[in-house]
Amino acid sequence: MNNYKELKVWKRSIFLAKDIYVLTATFPHVEKYGLVSQMRRSAVSVASNIAEGAGRGSDREFRRFMDTAYGSLCELDTQLCIAKLLDLVNDSVFKSLEKEINEMQKMSYSLIKSLK
């Protein structure tokens, strides 16, 4: 239906996923199956759901996948907050990533509303 690679929110989502992979590579090994895994899956889920939804045959289905992508952004934001509380993320990285996640949530929400 839509070329997802032209969507700004998808483009930003793949860079967010890269940033999360780079960040979590610095986490302690004990978090490999905890926050590292969760944060990486949430970040990849955003981009993946946008792409899959855009490839579906209707706006209704696209909206459903965008709802899931939005939920993954919320998950990732929560996981980032937990990582910050555990002192796994410094202030500047936290603020930068949180800002990016919040902007992507706004973009996703606008796209979802346009699909109604």
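**How helix 4 packs against its partners**

In this predicted model, helix 3 and helix 4 cross with a left-handed sense. Helix 3 spans residues 59–85 and helix 4 spans residues 91–114, and the two pack with their axes 10 Å apart at an angle of about 165°. Because angles over 145 degrees count as roughly antiparallel, that angle makes helix 3 roughly antiparallel to helix 4.

The side of this contact that belongs to helix 3 is made by F62, R63, M66, D67, Y70, L73, C74, L76, D77, L80, C81 and K84, while helix 4 contributes D91, F94, L97, E98, I101, N102, M104, Q105, S108, Y109, L111 and I112. Sorted by class, the residues where helix 3 meets helix 4 comprise 15 nonpolar, 3 polar and 6 charged.

Helix 4 also packs with helix 1, which covers residues 8–24, and here the axes come within 11 Å and cross at roughly 155°. Helix 1 and helix 4 are therefore roughly antiparallel to each other, and the crossing in which helix 1 passes helix 4 is left-handed.

From helix 1, the contact draws on K8, V9, R12, S13, L16, D19, I20 and L23, and these meet V93, L97, E100, I101, E103, M104, M107, S108 and L111 of helix 4. The contact of helix 1 with helix 4 holds 10 nonpolar, 2 polar and 5 charged residues. On helix 4, L97, I101, M104, S108 and L111 take part in the contact with helix 3 and also in the contact with helix 1.

Key:
Residues numbered from 1 in each chain as written. Predicted model: local features only at pLDDT ≥ 70, side-chain atom pairs only at ≥ 80, totals over all residues. Heavy atoms only, no water. Axes fitted to C-alpha atoms, helices over the stretch in contact; angles between N-to-C directions. Helix = DSSP H or I, 4+ residues; strand = E, 2+ residues; numbered from the N terminus. Parallel < 35°, antiparallel > 145°, perpendicular 65-115°, else oblique. Left-handed = near helix turned anticlockwise from the far one by under 90°. Contact = heavy atoms within 4.5 Å. Nonpolar A, V, L, I, M, F, W, Y, C, P; charged D, E, K, R; others polar.
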